[in-house]
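Dear colleague, please look through the sequence and the model first, and then read the numbered points below beside them. They go through helix packing, the sheet and the ligand shell in turn.

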Amino acid sequence: MDPFPAMKNDLLLRAARGEKVEKVPVWAMRQAGRYLPEFREVRSKHDFFTVCRTPELACEVTLQPLRRMDLDAAIIFSDILVIPQALGMEVQMVPGKGPVFPNPLVTPDDIQKLNATPDISKELGYVFEAITLTRQKLEGKVPLIGFSGAPWTLMSYMIEGSGSTTFSKSRFWLYRYPEESKKLLSILTDVIVKYLVGQAKAGAQLLQVFESHGGFLDETIFNDFSLFYLRRIASEVKQHLISEDITPVPMTVFAKGAHYAVESLAQTEYDVIGLDWTMDPEKARSTAQKYNKSLQGNLDPAALYGSCESIAQRTTEIVRKFGGKGHIANLGHGMHPDMEPEHLNAFVEAVHKSSEELIQKQ
Ligand SMILES: Cc1c2[nH]c(c1CCC(=O)O)Cc1[nH]c(c(CCC(=O)O)c1C)Cc1[nH]c(c(CCC(=O)O)c1C)Cc1[nH]c(c(CCC(=O)O)c1C)C2
């Protein structure tokens with residue numbers, strides 16, 4: 001028996017599985033965040049990782065955007081960098097700078113210092129508790145998304161020690177220490193699989209894997225150091241759930257910038273391929289159809305700086321290009337802190353209105 005309230009809106013889950021929908025579901029990456037005054041209010045009292053680690057606070061900020069807008073999904077408030085923390089690395093969130101690792105990995109010997117096989121429920125149980133609490137509080141209003149960073153993206157932060165424009169230190173590892181890099185990626189993959197299985201068991205109804213730094217790799221390097229592990233994650237998460245008699249939840253992969261990889265990702269066990277705003281929806285759609293996959297995306301986040309009219313116009317165009325079926329509307333990357341909530345709302349409304357019209361005509 002499902003211990004959670006019955007779903008009132010399952011558009012996201014139907015679209016992820018390529019089923020019929022009456023309108024296209026929509027959510028936004030970083031929909032909980034600093035562009036919302038009510039989020040800044042919470043952050044003025046609690047530091048970033050305290051919000052992540054306190055289920056009541058994480059639940060509260062997860063629900064904030066849903067009180068303002070007719071979004072079709074919630075995404076649990078957390079960060080991809082909770083995994084390096086679980087492996088024993090310190091991560092600080094520095095205002096105006098973002099995440100900083102005071103002691104990044106410098107040479108492959110540093111891999112020995114990691115706690116490579118952490119007790120996931122002990123180290124990350126707070127995320128599972130936040131998910132269960134949020135599923136209860138959502139009362140079936142919309143599905144709850146869980147997520148993780150992908151191995152390469154996490155490895156790049158662990159080596160760079162922060163964001164970077166070149167990722168030269170972590171890319172150095174791929175070419176200079178390929179075997180040790182693979183060892184690290186495999187440690188991360190094993191942890192990510194357990195973490196995502198735990199999220200599904202706690203109540204997450206769709207799991208998204210963020211390969212935010214995919215586009216820094218060329219195709220052959222991507223295949224060996226990213227795709228290989230992404231593929232393992234989808235297949236192992238689903239196998240684990242099946243072996244415990246749990247119906248596997250749909251999974252989305254978002255490999256930002258990896259244009260060359262849309263087809264190879266469509267050949268994995270992910271159900272949904274996320275597109276950034278520089279990718280062509282029509283081209284991706286013909287690829288996705290071959291493999292029965294759904295797509296997510298891909299309005300340029302910067303389009304939200306335009307007027308509400310221009311947002312509606314651009315959104316209608318994008319919805320038409322994706323064709324209504326097997327589409328989850330989203331931005332091509334996350335919200336920025338200086339965006340206006342009303343402009344995100346214009347996007348949400350335009351997705352619903354234009355897709356309802358499009359689907360009715362079909
Ligand atoms: C709101 C927020 C988050 N993380 C950070 C912030 C801002 C910091 C603050 O409030 O002080 C720091 C925070 N955490 C990170 C960054 C990026 C740093 C950089 O590389 O420049 C920042 C500013 C690292 C991070 N964190 C995340 C990614 C993957 C998505 C992406 O590519 O943007 C990445 C790369 C995932 C993430 N991060 C977050 C979510 C919450 C759920 C939602 O979408 O509403 C999610 C899914 C939340």
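1. Helix α13 (residues 308-322) packs with helix α14 (residues 341-361) at an angle of about 40°, and their axes lie 8 Å apart. Helices (H or I, at least four residues) and strands (E, at least two) are DSSP runs, numbered from the N terminus, while axes are lines fitted to C-alpha atoms, for helices over the stretch in contact, with angles running from 0 to 180 degrees between N-to-C directions. The angle therefore makes α13 oblique to α14, where under 35 degrees counts as roughly parallel, over 145 as roughly antiparallel, 65 to 115 as roughly perpendicular and the rest as oblique.

2. Please keep the basis of these values in mind. This is a predicted model, in which local features need pLDDT of at least 70 and side-chain atom pairs count only at pLDDT 80 or more, whereas totals for chains, interfaces and linings use all residues. Residues are numbered from 1 along each chain as its sequence is written.

3. Which residues of α13 meet α14? They are C308, I311, A312, T315, T316, V319 and R320, and among their partners in α14 are A346, F347, A350 and V351, with contact meaning that C-beta atoms, placed from the backbone, lie within 7 Å.

4. Helices α7 (residues 151-160) and α8 (residues 168-176) have axes that come within 8 Å and cross at roughly 115°, so α7 is roughly perpendicular to α8. M155, S156, I159 and E160 in α7 meet K169, S170 and W173 in α8, and this contact divides into 3 nonpolar, 2 polar and 2 charged residues.

5. An open sheet of 7 strands has the order β1-β4-β5-β6-β7-β8-β9, with parallel pairing, and two strands pair if DSSP finds at least two bridges between them. Its edge strands, β1 (74-75) and β9 (327-331), each pair on one side only. Strand β8 (residues 294-299) runs parallel to β9 and is joined to it by 5 bridges, and Q296 has I328 in β9 as its bridge partner.

6. Around the ligand there are 21 residues, of which A32, G33, G98, G163 and S212 come nearest; a residue is near if its C-beta atom, placed from the backbone, lies within 6 Å. This shell divides into 11 nonpolar, 6 polar and 4 charged residues.

Note on methods:
Ala, Val, Leu, Ile, Met, Phe, Trp, Tyr, Cys and Pro count as nonpolar, Asp, Glu, Lys and Arg as charged, and the others, Gly among them, as polar. Two residues are in contact if their C-beta atoms, placed from the backbone, lie within 7 Å.
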